[in-house]
Structure formats: C-alpha cells, structure tokens
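Please look through the structure shown here before reading the notes.

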Amino acid sequence: MPDVPEIDIAVLETQMAAGVVVVDVREDDEYTDGHVSGALLIPLGTVPERFDEIPTDQPVYVICARGSRSARAVQFLRAKGVDATNVAGGTLAWIDSGRPVVTGSQPG
C-alpha cells in the first residue's frame, strides 16, 4: 500500500517501552481474546467517528490481526495528518513470538 510506513513487532516492543500510543483496530471479540498491553481498541469501522480519541501530536502505532486492516487505518490517519505507522504481522505475530498479551476489554 502506498504511504504506509511499517515496523515489525520487535520495533513496536522497543517503542512501547518509551510509552507510545498503540491503537488496535480489530473487532471487540478479537481484542478481548488477546491484545498488546496498553492498546486502545478502536475497531477499523469506527476510526473516522472516533478520530478525536487518537492523539495527533505524537506518533501512533496501529495494529490488527496480521496488518491489512491496520494499514488501511494508517492510510486514513496519515491523510488526516497523524504520524501513524502500521505494525506488520499484527497481534498474531506478537502472540506467535511468545510476547505477553492481555485478555478482556481493558487495555491492560
């Protein structure tokens, strides 16, 4: 996809140590089953109406299951002036790598 910068999960993990914003654009049930700690749930279909919940003054990392929904969200956010980056491989790559996840509806 054009204009969609990406990082992998290892870089995300490093960035998270610095307290970056992670937005998870999967559906509620996917998020509840397991998500990256601290990730804010904003399902892809609701990103335009919930845009005001996404910081515009700092980098934002967007994650989904594998990376395609988050890439679409990144395109939208970048068009709105947000410094958004896609997380390649997504939450499933994070889980497959053995990194910890949080279950339930809270960011963790």
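This is a predicted model: local features need pLDDT of at least 70, side-chain atom pairs count only at pLDDT 80 or more; totals for chains, interfaces and linings use all residues.

Residues are numbered from 1 along each chain as its sequence is written, and side-chain values use heavy atoms, with hydrogens and water left out.

**Core**
- The largest nonpolar core has 17 residues, and those with the most contacts inside it are Val-25, Val-60, Val-62 and Leu-77; such a core is a set of buried Ala, Val, Leu, Ile, Met, Phe, Trp, Tyr and Cys residues joined through side-chain atoms within 4.5 Å.
- Two or more residues of this core come from each of E2, strand E4 (60-63) and H3, and the largest share, four residues, is that of H3.

**Surface patches**
- Glu-27, Asp-28, Asp-29 and Asp-33 form a negative surface patch, and Glu-27 lies in the loop between strand E2 (21-24) and helix H2 (28-33).
- Glu-27 counts as partly exposed because its relative accessibility is 40% (buried means under 20% relative accessible area, exposed over 50%, partly exposed in between, with a 1.4 Å probe and protein chains only).
- A nonpolar surface patch consists of Leu-92, Ile-95 and Val-101, which together have about 200 Å² of accessible area.
- Patches are made of residues with over 30% relative accessible area and no salt bridge, like charges being joined within 9 Å and nonpolar side chains (Val, Leu, Ile, Met, Phe, Trp, Tyr) within 5 Å; a salt bridge is a side-chain nitrogen of Lys or Arg within 4 Å of a carboxyl oxygen of Asp or Glu.

**Gln-75**
- Gln-75 sits in helix H3 (residues 68-79), where helices (H or I, at least four residues) and strands (E, at least two) are DSSP runs numbered from the N terminus.
- The C-alpha atoms of Gln-75 and Tyr-31 are separated by 21 Å, and the two residues are 44 residues apart along the chain.

Key: Accessible areas come from the Shrake-Rupley method with a 1.4 Å probe; for residues, only the protein chains shown count as cover. Lys and Arg count as positive and Asp and Glu as negative; His and the chain ends are not counted. The place of a charge is taken as NZ of Lys, CZ of Arg, CG of Asp or CD of Glu.
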